[in-house]
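I opened this notebook to keep track of how side chains meet one another in a folded chain.

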Amino acid sequence: MRRALVTGCSGQDGWYLAKLLASKGYAVHGHSRRGLDLPDAAAVYEGDLSDHHLLDDIIDAARPDEIYNLCSLSRPQMSWDKPLESGLVNALMPHHLFDRIRQRLPECRVFQATSSEIFGDATEYPQSESTVPMPQTPYGIAKLYAHQMTGAYRQHYGLYVCSGILFNHESPRRPLGFVSQKIAYAAACLRLGIHTSEAVDERGSPIVKNGMLYLGNMDVHRDFGFAGDYVEAMWLMLQQSEPRDYVIGTGESHSIREFCEVAFALVGLDWKTHVAVAPDLVRAVDSRRTIADSSRARAELNWRPRTSFEELVRQMVEAQIASLQTASATRDATL
């Protein structure tokens, strides 16, 4: 039985990846900062991987054949509030991981989760593996460091380490801090007649307030895919005869405005009457448009996304409706 270590397994990618690996017969060892019950895991380790001693202990305990490093401070905007922590977790921790593998498990194959944020406000569309990186946030800069260290350790030491340059990928398991899930949540609230929500945004204000959802720049375009599709690409990258880096994305770009239009239409509402721009949510620095050229992954991995943009939004809205209904029923049962 092959053994896999998935760091950051409490995130959406870790959950989908653990299920995929378990279905393929792996013994899945997971890591989470906050600890969790992961049904598909043989073992789960808890703690902060910026503690290098903890990382060493987990590697020694798991003795993995494959490592999927998904551990990250994953919101670019948050990295401005915690730039040093972003550097420790997103840059130096992967570097330490590569070095420990070099010393202790040189046959282990490693996937490093990189981000389209390394391209920043790119002037080249679409973005491929050869696009010049121009990160604009501490998050993007840290991810670029880890990405370049992946290539350096692969070339210098001959390790099987590769980087997946992942464009935006969403799912019903996406945290509410991300704009995609805010939109799905707001549509679900209004569908159920909730005009002021319990959940709050980064300002501490209700995500839905008096029937309105407030967002930042509506004209930002992102290449939105489904996380469940992307974890298959991660696995495929570690099954090749030679390690390479791959851009993973759908090749389609949709605006935040379009996301709102599709989500609210699913619940029979006109988004224009329920969504407004809040100036304090407009980011000073933001990539205007991302779109992936994943032709290398399609040709060499035989990978392609299976979930359409519309289906992705539908899944997220329906999951939020179900979650809100469950919470309401639970409250009613306790009264």
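**Entry 1: terms and source.** I began with the salt bridge, which is a side-chain nitrogen of Lys or Arg within 4 Å of a carboxyl oxygen of Asp or Glu. This is a predicted model, in which local features need pLDDT of at least 70 and side-chain atom pairs count only at pLDDT 80 or more, while totals for chains, interfaces and linings use all residues. Residues are numbered from 1 along each chain as its sequence is written, and side-chain values use heavy atoms, with hydrogens and water left out.

**Entry 2: salt bridges.** How many salt bridges does the structure hold? I found 16 of them. In one, the side chains of R314 and E311 meet at 2.4 Å, N to O. Both of these residues lie in helix α10, 3 residues apart, which is about one turn of the helix; helices (H or I, at least four residues) and strands (E, at least two) are DSSP runs, numbered from the N terminus. I also looked up accessibility, where buried means under 20% relative accessible area, exposed over 50%, and partly exposed in between (1.4 Å probe, protein chains only). R314 is partly exposed at 28%, and E311 is partly exposed at 27%.

Entry 3: I then turned to D56, which is in helix α2 (residues 52-62) and forms a salt bridge with R100 at 2.9 Å, N to O. This pair links distant parts of the chain, since R100 is in helix α4 (residues 83-104), 44 residues apart from D56. Are D56 and R100 buried or exposed? Both are buried, and D56 has a relative accessible area of 8%. Another salt bridge joins R104 and D60, whose closest N and O atoms are 2.6 Å apart. It too links distant parts of the chain, with R104 in helix α4 and D60 in helix α2, 44 residues apart. R104 is partly exposed at 32%, and D60 is partly exposed at 34%. I noted that D56, D60, R100 and R104 are linked in a network of salt bridges.

**Entry 4: aromatic pairs.** A pair of aromatic rings is described by the distance of the centres and the angle of the planes. Rings of Phe, Tyr and Trp (its six-membered ring) pair if their centres lie within 6.5 Å; planes under 30 degrees apart count as stacked, over 60 as edge-to-face and the rest as tilted. The structure holds 10 aromatic pairs. Why is the pair of Y153 and Y157 called tilted? Their ring centres are 5.1 Å apart and their planes are at 45°, so the pair is tilted. Both lie in helix α5 (residues 138-157), 4 residues apart; Y153 is buried at 8%, whereas Y157 is partly exposed at 40%.

I compared this with F259 and F309, an edge-to-face pair with 5.6 Å from centre to centre and 80° between the planes. F259 lies in helix α8 (residues 256-266) and F309 in helix α10 (residues 309-334), so the pair ties together parts that are 50 residues apart in sequence. F259 is buried at 1%, and F309 is buried at 4%. I also recorded that W15, Y16 and F226 form one aromatic cluster.

**Entry 5: charges over rings.** A charge sits over a ring if NZ of Lys or CZ of Arg is within 6 Å of the ring centre and within 35 degrees of the ring normal. K24 lies over the face of W235, 4.0 Å from the ring centre, and the charged end of R289 sits over the ring of Y125, 5.0 Å from its centre.
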